[in-house]
Amino acid sequence: MLIDDTQVDRYIGEKNIIKCGMAEKVICIESATDALKELLVLSEDPSSLPELILLDIRMPEMDGFEFLSKFEGLPSIVHERCPVMMLSTSLNPEDIKKAEASPFVKRFINKPLNKEQIINLMKIDLSPAEG
Amino acid sequence: MLNKLLLRQLQKRSISPETLPPEMQSLLNDISSSYEHFNKDREMLERSIDLTSQEMKELNHKLKQETLEVKKAHEELKNFFMNIEEVFYSIDLVNYKLIHISPGCEKMFGYSQAEFEANPHLWRSLILQEDLPVYDEAISNVLIGKSHICCLRIRHLNKSIKWLELKMTSHINASGEIIRFDGVSNDITGRKEAENTVKENENRFRSLIENSNEGIILLNENGECLFASRSSEKILQKPHDSLISNNFFNIILEEDLETMSETFRMLKENPGETFNCTVRIYGENGEVMWIDSDSTNLMHVKGIEAIVTNFRDVTDRINTLDLLKAKNSDLEKTNIELDKFVYSVTHDLRAPLSSILGLIQMVKDDNANHELEENIDMIHASVLKLDSFIQDILDYARNSRTEVRGDAIDFGEMISEICGNLKFMNRQNKQVNIVTKLHLTNNFISDKGRIRILLNNLISNAIKYQNQNCPDPMISINVDTSDTEADIVVKDNGIGIDKALHDKIFDMFYRVSNISSGNGLGLYIVKEAVNKLNGSIVVDSEPGKGTEFRIKIPNIYSQNSN
């Protein structure tokens, strides 16, 4: 699942992920609120849950960090199945610190999401987060 | 046995007593015994005369000695009278004549006894004019039989001024009439000078206390005021009467009572130590004043036996401090905002660029030509977004840095120019019907650059956030100018803004919606520009119905002509 308000970035992300064969399907979602709703719906059929969530930080209405605090309230099956990776052009060390403090966040990745990064991502262990 | 003298007489006459007839012998015996008696009496008398003369002698001697002593005493007294520094004098009130005056007068006044005796008015003429009432009061007391003591100044013959202490007593005769009075005058110039020095010193200290900006009060252990310097009345804005015996706990703000009680407790437990405390009190008109005080418990010091408190009004200082604190927190806020600004700017500058980079990478990787055109379109949009963001930054920087200028504003021309530029803003949007109504009554002078910034932002927002479901999106722009201000209203029938968010929309980088590609700077810049122009902006909006922004900008023209 790719959550990003910028249409171009969603497009780039989706194309690259599919081209690299990292995933067969990318759920592209424009806002954090919609993503939460979608995850709640998908949690009823855990097999349909995404294997990875790529989350932008700076978004209108609800930003990436707010999403993470609401994400905690989702059924635990979602936490088990869906590790989160933060995706941003932010250089603010506060943002990086905050992201790493969250138990759900596996990685902090700088945009743009290119092929090399995706290939690297495919190498790391994506086993579910503890707790 | 006959008396010896009688026997001698008989022998002279060659008479032998035994030869005499018995009658004669008896007579002779009687004579002899009488003689003996007489002789005894004479001897007694003689002895008594002798004794008396002895006593007389002794008495006479004693008298002589006493006379000598009296003479000596008189001599001493005279000597004393002649040489004593005090001047004694007696005045005959019947004849108003100086009976006598002691020679000390020469030293005290510079005039001789003879001069005083010759002129009964000399004495009074030496008294300083301003002290005459003191003397006259003394005399009037003496004349009714009272003793009197007074102090006054005289002018010595050598022009020097002397302080004298006069003691006067009157004498009454058998029929109750006052016939004379006696007086002693004493030179007390030295004492007076010492007294004056003490008084001057006291005055100096007093004026130090009174005129100091520090108030000084003495409190008892309950907080009741025993003494308050004049400066305390000034500082506390309370009359002396209301301070004395008033309890200081009564004028202190309730919030500060605990501080005061705590200070009092410390004072009582630690005699001699100084404690500082700052409390608020109510001033004369109910306003609150900050008082900073240093108190020392001197209950144990004899003559003071109080808590001595020095205090000062620190209202201004504390207000300034508060102001500084407020300024400081403003600065901190500005700093945080600036920090946020820098990161957001770098983020927002980099975001479209990273999109471009991603697209370029894709074009390179993917040689399929059919997607090329689409990709290039997206590159184009990203670059446009970056461009408009950089322009906003420029507007912001220009607004915060440059001084407000005064230009004549032609609203009609400006609005049509802005609308012309915005026509091709976003190809996805429908064409919006813009209706402009102008009521321009007078020359309107303001800052052209800033007016353009705020109109441009409001109109482009109205276009961006139009309601896609609305068949006839429209914007109405009304401008009313008067001598004093311009009233600008930009109203649309777009998507609107939730009331709960109205407070946030002017915040830096706050974005309400992801429908359009805003960067959260536009309304912040509008607000900043309005502030720079000393104007005001209000928003009225409801989701689904539309939004109205009303701006009022003062006309500098009227300010200049006034």
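This is a predicted model: local features need pLDDT of at least 70, side-chain atom pairs count only at pLDDT 80 or more; totals for chains, interfaces and linings use all residues.
## Strands side by side

Two strands count as paired if DSSP finds at least two bridges between them. One spot to look for is B:Val490, which stands opposite B:Phe549 in β17(B).

β17(B) has another partner too: strand β16 (residues 536-542) of chain B runs antiparallel to β17(B), joined by 7 bridges. Here B:Ser541 faces B:Thr547 in β17(B) as its opposite number. β16(B) and β17(B) make a hairpin, with 3 residues between the two strands. In the turn you'll find B:Gly544, whose phi is positive, at about 85°. As a bit of background, side chains in a regular strand alternate between the two faces of the sheet.

Rolling a probe the size of a water molecule over the atoms shows where empty space is left. The second largest pocket here has a volume of about 670 Å³. It is lined by 25 residues, and those closest to its centre are A:Arg58, A:Asp63, B:Lys340, B:Ser344 and B:Phe509.

Which helix gives the most to the lining of the second largest pocket? That's α11(B), with 6 residues. Helices α3 (64-71) and α5 (93-101) of chain A, along with α11 (315-365) of chain B, each put in at least two residues. As for what kinds of residues line this pocket, 13 are charged, 9 nonpolar and 3 polar.

## Rings that meet

Over all chains, the count of aromatic pairs comes to 10. Take B:Phe109 and B:Trp123: their ring centres are 5.1 Å apart and their planes sit at 75°, which is over the 60 degrees needed, so the pair is edge-to-face. B:Phe109 belongs to helix α3 (residues 105-109) of chain B and B:Trp123 to helix α5 (residues 122-125) of chain B, so this pair ties together parts 14 residues apart in sequence.

Are B:Phe109 and B:Trp123 buried or exposed? Both are buried. They also belong to one aromatic cluster, together with B:Tyr89, B:Tyr111, B:Phe116 and B:Tyr135.

## Charges over rings

The charged end of B:Lys192 sits over the ring of B:Trp163, 4.4 Å from the ring's centre. B:Lys527, in turn, lies over the face of B:Phe506, at 5.5 Å from the ring centre.

Terms used: Residues are numbered from 1 along each chain as its sequence is written. Chains are lettered from A and ligands numbered from 1 in the order in which they are written. Side-chain values use heavy atoms; hydrogens and water are left out. Helices (H or I, at least four residues) and strands (E, at least two) are DSSP runs, numbered from the N terminus. On a 1 Å grid over the protein atoms alone, a cavity is a set of points where a 1.4 Å probe fits but cannot get out, and a pocket is an open set with protein on both sides within 12 Å along at least five of seven lines; lining residues have an atom within 4 Å of a point. Grid points are joined across faces, edges and corners, and a volume is the space filled by probe spheres set on the points. Ala, Val, Leu, Ile, Met, Phe, Trp, Tyr, Cys and Pro count as nonpolar, Asp, Glu, Lys and Arg as charged, and the others, Gly among them, as polar. Rings of Phe, Tyr and Trp (its six-membered ring) pair if their centres lie within 6.5 Å; planes under 30 degrees apart count as stacked, over 60 as edge-to-face and the rest as tilted. Buried means under 20% relative accessible area, exposed over 50%, partly exposed in between (1.4 Å probe, protein chains only). A charge sits over a ring if NZ of Lys or CZ of Arg is within 6 Å of the ring centre and within 35 degrees of the ring normal.
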